[in-house]
Amino acid sequence: MIEVEGLTKDYGDVRAVDRLTFTVRPGVVTGFLGPNGAGKSTTMRMMLGLDHPTGGTVRIDGRHYRQLHDPLKTVGALLDAKAVHGGRSARNHLLCLAQSNGIPRARVAEVLDTVGLASVARKRTKGFSLGMGQRLGIAAALLGDPQILMFDEPVNGLDPEGIHWIRNLMKDLAAQGRTVFVSSHLMSEMALTAEHLIVIGQGKLLADTSMTGFIRENSRSYVRMRSPDHERLREVLHGAGIDHVPAGDGVLEVEGEDAAHLGELAARHQIVLHELSSQSASLEEAFMRLTAQAVEYHAHENHRAAVPGAAPRPDAWGADWRRKGS
Ligand SMILES: Nc1ncnc2c1ncn2[C@@H]1O[C@H](COP(=O)(O)OP(=O)(O)OP(=O)(O)O)[C@@H](O)[C@H]1O
């Protein structure tokens, strides 16, 4: 397992990671979520001994990364898929890694096969597509057959087939009893992949919970009602002491009541309904609600999404979650 305790990283005046404490356990895929600039990559780099913490510790199977006898056989990582020498073939890249880490050559063919790159193994990697590069990075992570795997944004830029493949691979690795820690900004993807979640914002831990618990605790369930007799419906709801919020287009949103009760109430007052539907928030909404105050980079047109207490705006997702500097 991976144990993070009080992990802190300052870059000058910027506190990128702020006293993080959590444990990543084997047997499940653990998703690592956070807005751009939340500190995910910095945390992963510190886990792998690539950055020095300002404070705190990371233990991998009880040891610091630098104390591991066979690092590649203990923990495999995909951090930056582009960090490959473009002049080398995929096979040679992996052979070099295998040789310098005491891994049998035969393992190279195995992992190339696992990631579906066997047919292009002798091609230079500089001609590789983004997806092929990601697959090669994953092959390198799997090379030492490690029990612990860390992937930073593994589905970035992949097509649906590639995303589907990585999702199944993560689940298979976890089902084999391995520890799988994966960061992503694709919430919908994480909902399909991860069973446990670590959520951070501005370097701080916001949630350490199961996926179902996270959605239950942070999402909002409500009923959408729409009637041609909008004003009268509002009066009836008001008269019954039921809070409701107009959501545009004649829609009213009601929290804390079930749809059947609201439908019967409308029927008793002979109010025609054009819509009566129970809504429960997706992971995207839950995540945006939780991190609304910790989002570092906002789209200009959607400030509302980051205002504390403002209603979540899933439609603002793509804009809010653009990479810094893009
Ligand atoms: N080498 C560095 N020097 C100075 N500041 C840095 C450095 N690396 C990261 N930071 C800052 O630390 C904070 C966390 O960055 P980090 O890249 O870890 O976040 P992230 O969650 O991985 O973001 P993203 O999703 O955009 O990749 C940001 O404010 C970033 O600007």
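Tutor: First, a definition: axes are lines fitted to C-alpha atoms, for helices over the stretch in contact, and angles run from 0 to 180 degrees between N-to-C directions. Helices here are DSSP runs (H or I, at least four residues), numbered from the N terminus. This is a predicted model: local features need pLDDT of at least 70, side-chain atom pairs count only at pLDDT 80 or more, and totals for chains, interfaces and linings use all residues. Residues are numbered from 1 along each chain as its sequence is written.

Student: OK, at what angle do helix 3 and helix 5 pack?

Tutor: About 25 degrees, with their axes 10 Å apart. Helix 3 covers residues 90–100 and helix 5 covers residues 130–142.

Student: Roughly parallel or antiparallel, then?

Tutor: Helix 3 and helix 5 are therefore roughly parallel; angles under 35 degrees count as that.

Student: Which residues make the contact?

Tutor: Helix 3 gives Ala-90, His-93, Leu-94 and Leu-97, and helix 5 gives Leu-136, Ala-139 and Ala-140. Contact means C-beta atoms, placed from the backbone, within 7 Å.

Student: New topic. How many residues surround the ligand?

Tutor: 14, and the closest are Tyr-11, Ala-16, Asn-36, Ser-41 and Thr-42.

Student: Which elements give two or more residues to that shell?

Tutor: Strand 2 (14–24) and helix 1 (40–47). A strand is a DSSP run of E, at least two residues. Helix 1 gives the largest share, 3 residues.

Student: And the domains, what are their bounds?

Tutor: Domain 1 is 2–206 and domain 2 is 221–280, bounds that come from an automatic or database domain assignment. Their C-alpha centres lie 47 Å apart.

Definitions and conventions. Near = placed C-beta within 6 Å. Parallel < 35°, antiparallel > 145°, perpendicular 65-115°, else oblique. Contact = placed C-beta atoms within 7 Å.
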